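User: I would like a close look at a single part of this model, namely the place where its two chains meet. Please also set that part in the context of its surroundings.

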Amino acid sequence: MASSPPEELSINADVLIVGGGMAGAWAATSAAQAGAKVVLADKGYCGTSGVTAAAGPGHWWVPPDPPAARDAAVANRVASGLGLGEAEWMYRILDQTWRTLPTLARYYKFGVDDEGRVNYRAVRGPEYMRALRQQVLSHGVTILDHSPVLELLARSDGSIGGVRGQRRQDGGRAYQIEAGAVVLAAGGTSFLSHLLGSWTNTGDGYLMAAEAGAEMSGMEFTAAYTIAPAHSTMTRTMAYAFATYYDADGHELDLPFGPDQTIRLARALQRGPVYCSLHRLPDNIKARLHTISPNVPLVFDRWGIDPYRDRFEITLHNDGTIRGIGGVRVHDVDGTTSVPGLFVAGDNASREKVAGAISGGGNVNSAWALSSGVFAGRAAARVARGVKTGTSRFRLLGLGREPRRRVQTVDLTAIRASVRAEMHPFDKNLFRTGKGLAASARALEGLWTELADHDHTGTIASRETAALLATARWSVATAATRNESRGLHRREDFPSLDPRSANRLLSGGLDQVWVAADGPSATTGTGQLEAAS
Amino acid sequence: MIELILADRCTDCGTCIEVCPANVIDPGQAGLPVLARVEDCQTCFLCELYCQADAIYVAPDCDRRVDVNVEEVVASGRLGQYRKHSGWDEWADRFPNEQWLMETVFRRAGEAAAQPKGAPLDVIERK
Ligand SMILES: Cc1cc2nc3c(=O)[nH]c(=O)nc-3n(C[C@H](O)[C@H](O)[C@H](O)COP(=O)(O)OP(=O)(O)OC[C@H]3O[C@@H](n4cnc5c(N)ncnc54)[C@H](O)[C@@H]3O)c2cc1C
Ligand code: SF4
Ligand code: SF4
């Protein structure tokens, strides 16, 4: 990467957290509670950034008593996860969520239902993230807002020893943070769909992890889509539980509420515009919609649409790895990666082991973001304790990629548009075929060659574009390898599940993308971590 | 996308500049914030929620710019509506956070889907 200007801001920390969404905020809290000096850097503003902030996450929430309830919940999830989930991991996050979420009561006013019971599991996004920011600050964590991390820094032994980034509201001033350990919690990516709150999530954490030598897992599972009124970002689904759909001629479509609804909607949208009416929403919910999800009715109101009377056009936005499940491969619930000193949490990590091959949206994802944040923060603090920071400032090596050839202007906007054009259309990413995936792979390969050869690497936009492109390439390559349909991954040319393929697929590589089956005896990074500390 | 900051309401507190996750708003030369990068706006409405002066209007349109008439928006009562319905600041006692109802709605929708068409729907169990 470009050499640092002299006025670079330099900071030392025990633990550095990349990203201040749900996972990053919980990670910062737990690392600080474990005694670490913590710095959290977010691309935007910790409190409004990330996909939690504009939504309202319902956590996976099963009380420990009676124990049979948890056993049943886990058994259900293992079954619906189609062979990729692991019961032990599920028990761990159920337990951690149960213990940890209520501790936010100092900063978040949990709702009380009509029977007077406190409801912990369903929280409202803006208030939740505002509370998490307050909690993080109360633990003495330093927050750097509007400070996207651009690259990881490695020590001479290959372990991660810090990050470099830019202060975008401070004239683009460069900063470097040396840290004992780093937690990547930069979220997933929707490949720039208009999924609510996802615009700053460009997969930066995946790119940085890959540059450090970590693998991805489950990247084929990016074919999740969520309904929204056309031309809006409002991908919040509750009101649609009672929706009625029509085609352009006004004929009602047979789209019952249930697991296949998105697929049927997508097929209908391939035939033409689809309209929707919410008249079947029960009156006592209509009357309270603005106090349940205040941003949902706001869209209709501003357009002068009465959703209970009028028919409005709808669309589906891609969820990518957000309500999909791919991410950096983790060796344990602590978010240990294959790279010493590097941990991942939340959507930055693969959620296959807790969600299985189906979407973790609606419950598992936020339980994982919370729990993996708590675990990773604690584990990073432990590793950092054995590392002396402030000594290796001049020996840290930037891991961000360098242009392979002569630097020249690359049209990043065009590359972003091309990534969207490969990752969003239903016929390419939802109803997949071997032939279509091969064509996507070729298109993305050409873009990567252009970017990797000629793009100068020091700007936020260039890093984001590289991250989007790298993530799309892993996704397409992995989808092309899985010659079956399983959960979120649907192959038109292999419509059924192949019982022999109940394994996870790893992927990675930047100039050369690779895909490999996850072996039964995964090498764990823990030993290496100890060696590094 | 964000379309308006009303100069006569804005107190120049700077909050929207700080909280906008997409870094859309810059401090202005003349004091008031300016919409510097509207094309980066992710239509999350969060700047509105944080603006205690109710000076911001975000149009729901995320993929196209729309003409917004200032007088109409002011007259519509929509400025500050999100903050109000969210029960923020001075609205805290008037608009409770009923997010907890979400799961009830989903559960009953599932049950309703399993019922024959036309059966009556009753979402919140009545006591
Ligand atoms: C509309 C919607 C509704 C949802 N509802 C539910 C639900 O009901 N239940 C459920 O379980 N799950 C739900 N999910 C999923 C859930 O919200 C996510 O799994 C969860 O928010 C993940 O948290 P996170 O911290 O990993 O990512 P995020 O909350 O997305 O945070 C990522 C953070 O990283 C920052 N960042 C990105 N790049 C960089 C960089 N280079 N440098 C520094 N910072 C960076 C971003 O600015 C952001 O703050 C929903 C998702 C959506 C989109
Ligand atoms: S938050 Fe509102 S009052 Fe404050 S600067 Fe922004 S527009 Fe003005
Ligand atoms: S709607 Fe969201 S992204 Fe747009 S200006 Fe407001 S806070 Fe920023």
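Analyst: The account below begins with the interface and then turns to the ligands and to some features of chain A.

This is a predicted model, in which local features need pLDDT of at least 70, side-chain atom pairs count only at pLDDT 80 or more, and totals for chains, interfaces and linings use all residues. Residues are numbered from 1 along each chain as its sequence is written, chains are lettered from A and ligands numbered from 1 in the order in which they are written, and side-chain values use heavy atoms, with hydrogens and water left out.

The size of an interface is often given as the accessible area lost when the parts come together. Here chain A and chain B bury about 5000 Å² between them, 57% of it on carbon and sulfur atoms; buried area is the accessible area (1.4 Å probe) that two parts lose on being put together, summed over both. Thr48(A), His231(A) and Arg302(A) supply 14% of the area that chain A buries against chain B, more than any other three residues. In terms of contact (heavy atoms within 4.5 Å), 59 residues of chain A and 52 residues of chain B take part.

Between chain A and chain B there are 4 salt bridges, a salt bridge being a side-chain nitrogen of Lys or Arg within 4 Å of a carboxyl oxygen of Asp or Glu. In a salt bridge with an N to O distance of 2.6 Å, the side chain of Arg302(A) meets that of Glu48(B).

Several elements of chain A each give at least two residues to the side that touches chain B: strand 3 (111-112), helix 4 (125-138), helix 7 (283-286), helix 8 (289-292) and helix 9 (295-303). Helices (H or I, at least four residues) and strands (E, at least two) are DSSP runs, numbered from the N terminus. Helix 9 of chain A gives the largest share, 6 residues. By class, this side of chain A has 22 nonpolar, 21 polar and 16 charged residues. Ala, Val, Leu, Ile, Met, Phe, Trp, Tyr, Cys and Pro count as nonpolar, Asp, Glu, Lys and Arg as charged, and the others, Gly among them, as polar.

The ligands come next. Of the 39 residues around ligand 1, Asp42(A), Thr52(A), Asn201(A), Asp204(A) and Ser366(A) come nearest; a residue is near a molecule if one of its heavy atoms lies within 4 Å of it. A polar side-chain atom of Asp42(A) is 2.6 Å from an oxygen atom of ligand 1, and a backbone N or O atom of Gly58(A) is 2.9 Å from an oxygen atom of ligand 1. Around ligand 2 are residues of chain B, including Cys10(B), Cys13(B), Cys16(B) and Cys51(B). The shell around ligand 2 has 8 nonpolar, 3 polar and 1 charged residues.

Within chain A, Arg70(A) and Asp95(A) meet in a salt bridge (3.5 Å, N to O). Arg70(A) lies in helix 2 (residues 67-80) and Asp95(A) in helix 3, so the pair ties together parts that are 25 residues apart in sequence. A cis peptide bond joins Asp65(A) and Pro66(A), with omega about 0 degrees, and Pro66(A) is in the loop between strand 2 (38-41) and helix 2 of chain A.

Notes
A polar contact is a pair of N or O atoms within 3.5 Å; within protein, one must be able to donate a hydrogen and the other to accept it, and residues adjacent in sequence count only if both atoms are side-chain atoms.
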